[in-house]
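Subject: Structure for your review

Dear colleague,

My notes on what was found in it follow directly after.

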Amino acid sequence: MPRHYLPDSVVTRMQDGKEITDTIWHRVANVRLVNQLGDTVSLDSLHGKVVLIDFFFTHCASICPILTRNLRQMQDALKVSDKVKQAAGTDTNFVQFLSLTVDPAHDSAPVLRRYADRYGVNSDLWWMLTGPKKTIYDFALNELRMGLQDSVDIDSTFMHTDYIALLDRDREIRGYYHGTDSNALKRLSDDMVFIMLEKDKNRRSTAFDELRPLRIPIVVILLGTAAAVVYFSRRAKRELPS
């Protein structure tokens with residue numbers, strides 16, 4: 001399973017005469033922003049979902065188009081036919097994409113919608129978000145701790161990074177991935193499926209109980225997503241202007 005990031009504290013307790021150390025991992029706080037449809041949405045409304053978060057701006061001419069195209073390919077690769085869903089007895093819409101603009105003064109909801117339409121964004125699966133600049137930057141710096149990641153060019157005035165953050169169903173950070181790197185995207189594709197299979201802390205069940213009905217969509221998702229993001233990210237790199 002993907003590792004946890006950002007411990008908040010460590011708690012020591014006694015159980016059956018043995019000292020046990022538990023790490024309390026940082027849980028990303030709720031944030032309320034406006035999506036490309038003009039709706040106010042929040043992390044709280046995504047309970048039980050795996051969440052991918054990136055940052056961009058619509059008039060970026062460098063890494064943002066590549067990042068958006070790669071996420072689009074990941075979005076499309078997650079599509080599983082209704083027949084497969086029905087046979088597996090599971091809902092594969094377990095992921096939500098969030099793209100937060102770092103230039104909200106320019107990127108209003110209508111601007112985000114035009115950008116989303118241009119890149120084929122499915123608004124049910126992927127929200128492009130705008131709101132107060134302070135809210136967005138506080139969320140990036142203090143909740144996702146983006147500034148702690150190597151090679152991230154981030155400050156309080158302007159943030160520009162190709163990193164994608166992965167949150168599990170408890171909103172704990174489980175990874176940071178370069179969204180323009182094919183190997184990192186393959187790892188992200190695998191990790192988000194492994195997290196989906198991770199046992200719910202609040203539910204008692206066996207690993208076999210959870211895995212059995214998910215075998216078909218797991219294979220489809222892993223193979224399709226990994227192949228698509230690797231292929232298209234490599235193609236996007238070749239298309240970069242020299």
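Of the 242 residues of the protein, 48% count as buried. The protein exposes about 12400 Å², and carbon and sulfur atoms supply 51% of that area. Please bear in mind that this is a predicted model. Its mean pLDDT is 81, and 72% of the residues reach 70 or more. Two stretches should be read with this in mind. Over residues 86-90 the pLDDT is below 50, and beyond near neighbours in sequence this stretch has six contacts in the model. The pLDDT is also below 50 over residues 204-213, a stretch with twelve contacts beyond near neighbours in sequence.

As to the overall fold, the protein contains seven helices and eleven strands. Among contacts between residues at least 6 apart in sequence, 68% join residues that are at least 24 apart.

Where does L144 make its contacts, once its neighbours within four places in sequence are left aside? Its partners are L6, V28, I53, F55, F139, A165, L167, I173 and Y176.

Strand β1 (residues 7-15) and strand β2 (residues 18-25) pair in the antiparallel sense over eight bridges. Within this pair, R13 has I20 in β2 as its bridge partner. The two strands form a hairpin with two residues between them, and D16 in the turn has a positive phi of about 55°.

Finally, a word on the cysteines. The structure holds zero disulfides. A disulfide is a covalent bond between the sulfur atoms of two cysteines. Are C60 and C64 buried or exposed? C60 has a relative accessible area of 8%, so this residue is buried. C64 likewise counts as buried, because its relative accessibility is 1%. The cut-off applied in both cases is under 20% relative accessible area.

Yours sincerely,

A colleague

How values were computed. Residues are numbered from 1 along each chain as its sequence is written. This is a predicted model: local features need pLDDT of at least 70, side-chain atom pairs count only at pLDDT 80 or more; totals for chains, interfaces and linings use all residues. Side-chain values use heavy atoms; hydrogens and water are left out. pLDDT is the predictor's confidence in each residue, from 0 to 100. Contact means heavy atoms within 4.5 Å. Helices (H or I, at least four residues) and strands (E, at least two) are DSSP runs, numbered from the N terminus. Buried means under 20% relative accessible area, exposed over 50%, partly exposed in between (1.4 Å probe, protein chains only). Accessible areas come from the Shrake-Rupley method with a 1.4 Å probe; for residues, only the protein chains shown count as cover. A disulfide is a pair of cysteine sulfur atoms within 2.5 Å. Two strands pair if DSSP finds at least two bridges between them.
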